[in-house]
Amino acid sequence: MGGLEKKKYQRGSATNYITRNKARKKLQLSLPDFRRLCILKGIYPHEPKHKKKVNKGSTAARTFYLLKDIKFLLHEPIVNKFREYKIFVRKLRKAYGKSEWGTAERLKDNKPTYKLDHIVKERYPTFVDALRDLDDALSMCFLFSTFPRTGKCHVQTIQLCRRLAVEFLNYVIASRSLRKVFLSIKGIYYQAEVLGQPITWITPYAFAHDHPTDVDYRVMATFTEFYTTLLGFVNFRLYHSLNLHYPPKIDGQAEVELKPAEGKEYAMDSESYLEKLSALSASLARVVAPTQEDDVEMDEFPVEGETAEQMDARRKEQEALEKHKKLFEGLRFFLNREVPREPLAFIIRCFGGQVSWDKSLCIGATYDVSDPSITHQIVDRPQVEQQVVGRYYLQPQWVFDSVNAKLCLPVADYFPGVLLPPHLSPFVTEQEGDYIPPEKLKLLAMQRGEDPGEESEEEEEEEEEEDDNDKDEEEEEEDESEKEEEIKLKKMEEQKTQSNKVQCMAVGLRLEDKQRLEQEQQSEEKRLAIMMMKKREKYLYKKIMFGKKRKIREANKLAAKRKAHDTAMKEEKKKTKKARRA
Amino acid sequence: MVARWQSTSCSHPRPSHHPASSSVLQDIRNTVGNIPMEWYQDFPHIGYDLEGKRIYKPIRNKDELDKFLEKMENPDYWRTVQDKMTGADIKLTDEQVDLVHRLQKGQFGDVHFNPYEPAIDFFTHEVMIHPVTNRPADKRSFIPSLIEKEKVSKLVHAIKMGWIKPRKPKEDTPTYYDLWAHEDPNSILGRHKMHVPAPKMKLPGHEESYNPPPEYLLSEEEKLAWEQQEPAEWRLNFVPQQYRCLRAVPAYPRFIHERFERCLDLYLCPRQRKMRVNVDPEDLIPKLPKPRDLQPFPTTQALVYRGHSSLVRCLSVSPSGQWLASGSDDGTVRFWEVCTARCMKTLPVGGVVKSVAWNPNPTVCLVAVCALKQVTWHGKGDYFATVVADNSNMQVLIHQTSKRWSQNPFRKSKGLVQCVLFHPIRPYFFVATQRYVRVYNLLKQELTKKLMANCKWVSSMAIHPAGDNVICGSYDSKLAWFDLDLSTRPYQLLRHHRKALRSVAFHKHYPLFASGSDDGTVIVCHGMVYNDLLQNPLLVPVKVLKGHALTLDLGVLDVIFHPTQPWVFSSGADGTVRLYT
C-alpha cells in the first residue's frame, strides 16, 4: 500500500554487476590498459544467472564484471603506474622531437616501473594456492623460453623465462617429484607432484617457431610478465624448502668436473652458468650439507578413525612411491645426439639415473660413449653400427613408458628399428564401461605382477610350429573371443534395458522363457515408471542416459576398430609367412 | 678503364709487330669520338677519318665454323681483340697483356709504383722543449664561463622548482624473496568468496600420443567428416597421427595458438559456477507401486470386433455389460454381443455417427445416437445433453426424455464447446471449451468453477464415479487430472502419449482410467482416490495396450470401460473395436 514505489533494476543482481565499458569508464583507463590490469589482477568476467535482469531488461550480448571486483581495482597502485608510464612516454617523445638528448636520458633514468609482488600475494594468499595455479605459468614460461631472441618480445623476458624454467626443472630433479610424462603430437607433457598438488605442463618440441600472425603477442607478454614473477617466488620458496641455494648453485664437486680443461675456455663464467645449469647433469649445492642418514624413518601417527587396512594401504602406496622415485637408480644412460637431450636428461635424472651425452653436443657431459659402465644407450636411428656388448640400445620411448608404468619395462620391444608398441597416455584413468586398449590391460597385469608376455610369445611359437592345423586353433581363439563378446553384449544389454529399450538379442533367446518374461516385465515396469517422471527429471534422465549411451557406443566403436585392425594384421602375418615358406 | 685503354691502344699503332700493315693502313683515326658504337650498327661504315671520308667496316664473313677453326689454329687467338672503333682485329702485345693481368689482380697499372714506401712523420712523437706554436692561452680559458653559469643556474632553478627530479636511488631489495613467509589464512579477501578458479586444461588422452594404439587413428571417412565440421564442434582439435619413431615427430603448428587461446579464455571468458548434477539416473525414476500389486486391470487383447468398413468413432456399453454399440463413419451403428464378438444388429443411420450413448438406467433399454458432436446421458437416464458443432449459444441443449422437451441452458456462447458431462451424483454440469472446463450448478443456474486445463485444446473429458475428480484429454497429448476439492488447476499433468489424445474414460467400480491416443495405444492407469481428504490421489500407469493399426494418422478414437469387469474397449481408425481383458 504505502511506501515509495520500488524502481526496477535498483536492487538485487542488477546492482552486483557492471558492464565492461562502464567499468573502464569508472577506472578511467583505455581498453588496452584495462585489459592489462585485468590480466595482472586476475579479474575475469562473470556470467550472471539472470542475464536479462542484470542487463536491465535488454538481451544484448554484454560482458559483465562483478562490481566488487572493479571497486577492488579502483585503489590498485598499478593503475597510477600505468598513467605515469603514459606521461613518461609522452615526455620522452617530446624530448626526442626537440632533440634534447640530455632530457631524454634523464627521463629514461627515471622510467616508472612497477612490481607485481603484492599482486601475487593477493591472488594467492597461501603457497598452495599458487602451486595449484602453476600449470599455465609453467607452460607459458617453457614456451617463451624457446622463442628466438629476435622480434616478438624482449630478450630479457626470454632469458628470464629460460632461467626460471631451468630452475624449476632443477628443483624437480632435486626433489624427485616427477610422476608422469607423455609424448604427444603437440609437445611433451610432464606431471610433477609438489606438496601434494599435481602440476602439469607442456613443452613444445625443439623446433624453430613459425610465428602465427593472428596471435596478439602483447597479451601473451602481459601474462608472461605475471607468470615470471609468480614462478620466481615459487621457485625461491621451493628451493628453500629443500635447503638449496637460490639462485641455484652447482654443487662444488660437480662444478670441478664441469670445468673445461685448461686452455679451452668455453665462455665467461657468468655466461656459461645458466648453460651449465640447463645441462641438468649436476646436482645443486645445499645450504646445509646433507648428512648421510637422510632417510630417517618417519614416525607414523595413526589418523583417528583410520582402520588398519587403510593404514596398510597407505603404507603400501608410500612404498610404491619411493620405489617409483628410484626407478633408474644405478643405471647409466648415454644419449645419442639424435635424441632430444633436455627432456630425456631431465626424466632420467628425476628418477635417479645417471646420464651423459656427446661432449660436443652440450656442456655437462660426464662420461664418454666408450665408457664400459653404460647400461642403456638411447638411440633413435633405424640401426646402430658398432654395438658395444653389455649395454642395451633402446629407443627413447622406453624411458617414457617405463616412467609411466612405474617399472622398467622389458627392453625387447624397444630395440632400434623395431616397430614400437603404442605409447599410452598416463593421464587417462579408465572408469567402468570405458574402452581400455589391450596394451593398457597388459600393462596393468604387469604392474600387478603377472607376466602376460610369455603367453603371447608361446602363442607365436605355437603358430610357427603349426602349419595347417592352426585353423582349429584359431577357431578356438575365436570361440574365446566370442565368449568375451557375449559377456560384453550381456553387459550392454543390461545397460540397454536400463535405458528402456527392449532389444531381443541373440543371447536373450537362449535364456529361459521365464527369465525373459521376468526381464520384460521389469523393463515394462521401468518404462511405465519413466512415464510418470516429472518433466524436469525426465529431461535430466534422458540427458544422462544419452551421455551413457554415447559413451558405450564410442567404446564399442573403438573395440570394433581394434578387432578389425588385429585381424588384418594377423592375415598379413600369415601371408608373409606363407610367402616365406613358398 | 677499358675505354681508356682502347684509346691508348688506338693511339699507339703497333709499330713493332706489324710495321708493314701499319704503313699500309697509315693512320686511320676515327673521328666519331667516344660514343656508343652500336649507333653505327646498321650502317656499312663505322665512322669518319680525318678527312671526313667514311671508314668502312672490314668485310667479315666468318661464320661459326671459321671462328672455331681460328680459335683452334691461331695460337694468338686469346690475345686478339676487336677494336670497336675501327672494327679491325688487334693482337695485344706482351706489355699490354701484363697490364691487363695487373689490373685484374687489383694492382697498380704502373709496374714501378711502390705503395708501401716508409711513412715520414710530419711532427716527431718526442716532446720537444719548444712548443710548435707559441700562441698565448685565451682569456676565456681561465675565467668562468657565463654561458655555463647561466645553464647551471637554470638547472638549479629547475631542481628548486621540482621540474627536474634527481635520479632515483637504485633499489637493493632482492627480486625474489619468501613471499609467503607470513601466511595468514585469515587474510583471504572477501572477493575470494566469489572467486571462480579457472578450470585446468584438459589432460591429453591416448589419441594425442605420437604413437597411439591403432584404433584411435581416424579412418578416411572420419577424417573427411572431421574436416567438414566447424572448428567449434570438433571433439578433438587435432587429427590423431602415428609416427614410427620420436625422431619423425614434427613441430605442432598450432602450439602458440593454443597457448594464446588459453590466455584469452583466462581473461575474457565469463565464468559461472555450474553445479554438476552427480546423480544416479536410477534414483530419478520415481518409486511407484508395482503394477502387479494393482491388479486387476486389462492386460491382453481378448477380442476383435470386425465389421465396420470405416473408422469407428464412438462406443457405448449397455449398463448390464452384455451389449456394445458402436458408431462408425460408414453410416451405421452396430450392436455386438460382448462375449462372442458377434454383430447382433447393424443399423444404418444414414450419416456419420459421431456419438452413441446407452441409457444408464438398466430398466430402460435405450440408445442415443447422435450425428452432431456428442451426446451424453444423465446418471438417472431421464435427461441427456447434446452438443452441436457451431459457435452459437445453441451449442448445448439438454433434453428430457420423459417430457420430451428440450431446453437451452446458456444464454451466451463461451466458445467452442468440446464436450459436456453430467455429474454422477450432484446437479452439476461440466462444459469443456477449448481451454477451460466450466462447472455449472444446474439447480442454482450459476457457474461454480472454472477449471484451467493448461493445454491448448481439450478433446475429451471423463469424471470419476465418486464425482470429485475429472480427467481431461487434450490434442496436445496431455492428460490433466483435476481434483475438484483441491484446486482449479490440474493436480497432475500426464504426458504419456506421444500424440493427441482422443478419448479418456473412468471405470465405474475399479480405480482405473484409460486414455486412447492417435499413436495407436491405450494407456491404462491406476487412479486411486481416497476418502481421506488429506491423501492425494495415487496415479500409476499400469499398462500400455497396443493393437490398433494407424490409418490416416489416426489411432484409437474412443475408449470405454466395461461397466462391471476390468475390461476396456477401444475403437480405432482401422475399423475395428478391440476388447482388452
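These are my notebook entries on a two-chain structure, which is a predicted model.

**Entry 1: chain A as a whole**

I began with chain A, where I looked up the secondary structure and found 22 helices and nine strands. I then checked burial, and of the 582 residues of chain A, 42% count as buried. For the contacts in chain A with a separation of 6 or more, I noted that residues 24 or more positions apart account for 60%.

**Entry 2: chain B as a whole**

Chain B has 581 residues, and buried residues make up 38% of them. When I took the contacts in chain B between residues at least 6 apart in sequence, 43% of them joined residues at least 24 apart. The accessible surface of chain B is about 36200 Å², with 55% belonging to carbon and sulfur atoms.

**Entry 3: one helix of chain B**

I next went to helix α4 of chain B, which covers residues 94–104, and there I found Q96(B), V97(B) and R102(B) to be buried. Following α4(B) I came to G106(B), and I recorded that its phi is positive, near 80°.

**Entry 4: where the chains touch**

How many residues of chain A are in contact with chain B? I found 120 residues of chain A in contact with 93 residues of chain B. The area buried between the two chains is about 9200 Å², and carbon and sulfur atoms give 62% of it. I also looked for the leading contributors on the chain A side, and I185(A), K186(A) and M532(A) supply 10% of the area that chain A buries against chain B, more than any other three residues.

I then turned to the polar side of this interface, where the count between chain A and chain B is 36 residue pairs in polar contact, both residues being at pLDDT 80 or more. Helix α22 of chain A, residues 535–581, gives the largest share of the side that touches chain B, with 15 residues. Sorted by class, that side of chain A has 63 nonpolar, 19 polar and 38 charged residues.

For salt bridges, I noted a count of 11 between chain A and chain B. One that I looked up joins R262(B) to D136(A), with the closest N and O atoms 2.8 Å apart.

**Entry 5: K526(A)**

I located K526(A) in helix α21 of chain A, which covers residues 513–531. Is K526(A) buried or exposed? K526(A) counts as buried because its relative accessibility is 15%, and the cut-off for buried is under 20%. The side chain of K526(A) makes a polar contact across to chain B, with the side chain of E282(B), at 3.2 Å.

**Entry 6: Y414(A)**

My last stop was Y414(A), which I placed in the loop between α16 (397–405) and α17 (438–448) of chain A. Although it lies in a loop, Y414(A) is buried, with a relative accessible area of 4%. Leaving aside residues up to four places away in sequence, I listed what Y414(A) touches, including Y393(A), L394(A), W398(A), L409(A), L420(A) and P421(A). D401(A) is also one of these, and the side chains of Y414(A) and D401(A) make a polar contact at 2.7 Å. I also checked P396(A), which is 18 residues from Y414(A) along the chain, and the C-alpha atoms of the two are separated by 8.3 Å.

Terms used:
Residues numbered from 1 in each chain as written. Chains lettered and ligands numbered in written order. Predicted model: local features only at pLDDT ≥ 70, side-chain atom pairs only at ≥ 80, totals over all residues. Heavy atoms only, no water. Contact = heavy atoms within 4.5 Å. Buried area = accessible area lost by both parts, 1.4 Å probe. Salt bridge = Lys/Arg side-chain N within 4 Å of Asp/Glu carboxyl O. Polar contact = N/O pair within 3.5 Å; in protein donor to acceptor, adjacent residues only side chain to side chain. Helix = DSSP H or I, 4+ residues; strand = E, 2+ residues; numbered from the N terminus. Nonpolar A, V, L, I, M, F, W, Y, C, P; charged D, E, K, R; others polar. Buried < 20%, exposed > 50% of the residue type's maximum accessible area, 1.4 Å probe, protein only. Areas by Shrake-Rupley, 256 points an atom, 1.4 Å probe, with all protein chains shown as cover.
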